[in-house]
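Thanks, everyone; let me put the model up on the screen, and then I will take you through a few places in it.

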Amino acid sequence: MFSSIRTVLHSAKCTVKAASPFFNDGRSAYWRVVSTANLQHFDPPEEFDDVTFPERRKLKLMLKVPLFIGNERPRRQFKRIIDIRGPEEVHTKLTHGKYGIVAQGGGYLRHGHIEMIRLGINKRMDEKRMFALWRIDPVWKPVTKKGTGHRMGGGKGNIDYYVSPIRHGRVIVEVGGKCEFSEVEYMLKTVAHQLPFEAKVVSKESLEEDIKCEEDIKKNNINPFTFEYIAENNILGCHKWLGRYDRIFKGKYR
Amino acid sequence: MAALMKRNLYVTPWAIVRHKVNLKGKPRPTWYERSIVEKISVPLMPRAPVDYANRCGKLNNQRQQLIQDHPYQDFLIRRCKEMFEKNSMVAVFQQLSASRNEQNKNLNKFRKKGFTCHHFNNLVVKRSIADTKWANMAPLFVSSTFFIASEEAKVKDLVQASKKVTDFVLLGAVADDRLFSKQGLMDYAALPDIETKRAELVGILNHAASNTKSLLERHQQTLSTSLGQFIKQNTQSETLNESNQTETKDGGNSS
């Protein structure tokens with residue numbers, strides 16, 4: 001009808017032939033479907049002028065067992081829970097890409113998890129427009145295990161597998177390129193859902209928003225009974241059950 | 001006495017307790033005291049003052065504020081301005097509810113006579129009209145409106161076609177840099193051609209001249225006619241006298 005709208009929308013006209021329940025004498029009914037809905041506002045498309053692609057766009061294969069040079073032998077070590085406890089302090093921001101997966105808890109990534117991430121993303125990714133990057137180290141921490149049916153004692157068991165420790169807030173994988181969040185979100189969500197700890201899909205903007213939100217809460221919180229204050233002043237007799245890391249992390253990162 | 005005094009045995013000031021480390025993905029379930037503390041320590045934000053006028057979703061939809069510096073919006077405004085500048089006649093119609101098919105049928109009646117049909121959002125039109133010579137048209141754009149335009153001001157065709165269509169209501173028009181109401185358009189269309197109007201004018205002008213001429217000549221004419229009449233009467237009386245005389249002569253002879 002209107003020229004201005006027609007330039008943008010193709011009016012979807014089609015005739016539908018129907019096996020009519022109304023006419024018994026063999027006549028067939030025709031309906032003409034004419035689209036009436038239209039869009040008024042179109043946001044300008046995003047510009048991807050500043051996107052630079054790395055040499056290899058897909059996620060690289062990671063080693064199952066770390067490389068040992070010469071006569072070096074792997075050492076069996078303590079558990080060192082501190083590796084997965086508390087917040088990540090270094091790898092918390094996106095560097096090359098725009099979107100990514102961020103851990104929402106501590107845990108160990110085994111080689112199987114890493115393969116799952118790699119295959120899950122590489123399979124669904126459009127290589128022409130996107131790229132993906134690892135932000136984690138390959139597995140390096142040995143985990144020992146005693147074989148089944150062994151009695152206790154007899155020293156520490158043998159190294160069974162290696163893991164990569166992850167702390168709360170660490171970026172695991174980045175995705176970037178000439179793509180929008182809605183294109184990548186499903187791919188990353190399916191991967192993030194299968195990780196051994198809670199993880200969420202983020203974009204650069206959402207990460208910044210989270211930081212802003214935290215600062216805002218710090219500034220404008222009216223509630224005088226913060227966890228810090230409660231822990232200091234033994235309110236409700238909390239000293240009885242309060243742990244060391246509760247005091248350090250103020251009730252977070254449990 | 002000293003034996004009666006109860007004294008605690010020595011207890012270490014720190015209790016060395018080995019907890020099993022939580023290596024699972026989820027944190028341990030909270031116990032009662034801790035859940036109370038967690039509930040208490042939830043951050044409270046000051047309430048932002050509520051803007052009740054902007055809270056109503058229905059009103060917000062009606063307002064439909066234009067997005068500033070939106071390229072698509074600018075494009076529409078440019079097209080709207082173009083329409084006004086190119087066409088010497090732009091009529092505004094209100095569109096009543098009708099099926100799309102009927103609308104098209106009605107519009108075809110205009111298209112057959114060489115009109116073009118345009119549609120713009122009312123806010124877009126108001127924005128493109130502001131600070132131009134068409135600014136006085138703004139009150140027309142209230143409900144669902146559309147435009148019918150032509151490069152020449154074919155008011156007669158427009159009025160004829162608008163009488164035939166059922167679901168369109170003519171609100172007003174601009175023709176030859178003149179703003180018309182609906183009634184004004186009707187009157188304008190009812191006027192005859194400019195050729196006949198000119199001929200009429202020439203007739204009126206000629207009438208005045210001929211009138212003055214006739215007025216000036218009137219006295220002479222009446223005088224001449226009266227003189228003529230006088231001569232006529234005189235000649236008649238003379239002839240009558242002569243004839244009487246001859247009759248008397250003839251009568252004398254015969255007797």
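Let me begin with a term: a crossing of two helices is left-handed if the near helix is turned anticlockwise from the far one by less than a right angle, and right-handed if clockwise. Helices here are DSSP runs (H or I, at least four residues), as strands are (E, at least two), numbered from the N terminus.

What you see is a predicted model, in which local features need pLDDT of at least 70 and side-chain atom pairs count only at pLDDT 80 or more, while totals for chains, interfaces and linings use all residues. Residues are numbered from 1 along each chain as its sequence is written, with chains lettered from A and ligands numbered from 1 in the order in which they are written.

In chain B, α4(B) passes α6(B) in a right-handed crossing. On the α4(B) side the contact, meaning C-beta atoms, placed from the backbone, within 7 Å, is made by Q73(B), L76(B), I77(B), C80(B) and K81(B), and these meet V124(B), V125(B), R127(B) and S128(B) of α6(B).

Turning to the two chains together, 32 residues of chain A are in contact with 32 residues of chain B. On the chain A side, α1(A) gives the largest share, three residues.

Finally, two loop residues of chain B deserve a look. D131(B), in the loop between α6 and β3 (145-150), has a positive phi near 60 degrees, and D176(B), in the loop between β4 (168-175) and β5 (179-181), has one of about 50 degrees.
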